[in-house]
Amino acid sequence: MLAWASQNAPSVDALLETERFVDYWSAKAGAAAAKLDWIATWRNWLRTAAERTPHQKSDVGSPAYWARAMNRARAKEGVR
């Protein structure tokens, strides 16, 4: 999925958008939250994020990208 995001939505921070995607759909209830294909739903989410994001090459996969992802995960878990 990260490879898809890097190629198809390079201006998007895929990990951050995936966190948003999970939070959004985890909080959603009812028929609107029932999806037949979650990966296709995620790809559409990333495409929408790409439309809202300035078109510049992201650093997906770089050490700085993973460091930011780890910092977000640690903050979410309350670890420093």
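**Conventions.** I recorded that this is a predicted model, in which local features need pLDDT of at least 70, side-chain atom pairs count only at pLDDT 80 or more, and totals for chains, interfaces and linings use all residues. Residues are numbered from 1 along each chain as its sequence is written, and side-chain values use heavy atoms, with hydrogens and water left out.

I took buried as under 20% relative accessible area, exposed as over 50%, and partly exposed as in between (1.4 Å probe, protein chains only). This core has 14 residues, of which Ala5, Ala9, Val12, Ala14, Trp42 and Leu46 touch the most other members. At least two of its residues come from each of α2 (14-27), α3 (38-52) and α4 (63-77); helices are DSSP runs (H or I, at least four residues), numbered from the N terminus. I then listed the contacts (heavy atoms within 4.5 Å) of Trp42: leaving aside neighbours within four places in sequence, they are Met1, Trp4, Ala5, Thr18 and Phe21.

**Helix α2.** I found Ala14, Leu15, Glu17, Phe21 and Trp25 buried in α2. Viewed down the helix axis, these buried residues fall within an arc of 160 degrees, so they line one face of α2; the arc is that of the directions from the axis to the C-beta atoms. On the other side, Ser26 and Ala27 are exposed. The cover over the buried residues includes α1 (2-8), α3 and α4.

**Helix α3.** I noted Ala40, Thr41, Trp42, Leu46, Ala49 and Ala50 as the buried residues of α3, with α1 and α2 among what covers them. Asp37 caps the N-terminal end of α3, with a side-chain oxygen 3.2 Å from the backbone nitrogen of Ile39. The side chain of Thr41 in turn reaches the backbone oxygen of Asp37 at 2.9 Å. Thr41 counts as buried at 16% relative accessibility, and, neighbours within four places in sequence aside, is in contact with Phe21, Trp25 and Lys35.

**Loop.** I located Ala29 in the loop between α2 and α3. Ala29 is exposed, with a relative accessible area of 65%.

Notes: A nonpolar core is a set of buried Ala, Val, Leu, Ile, Met, Phe, Trp, Tyr and Cys residues joined through side-chain atoms within 4.5 Å. A polar contact is a pair of N or O atoms within 3.5 Å; within protein, one must be able to donate a hydrogen and the other to accept it, and residues adjacent in sequence count only if both atoms are side-chain atoms.
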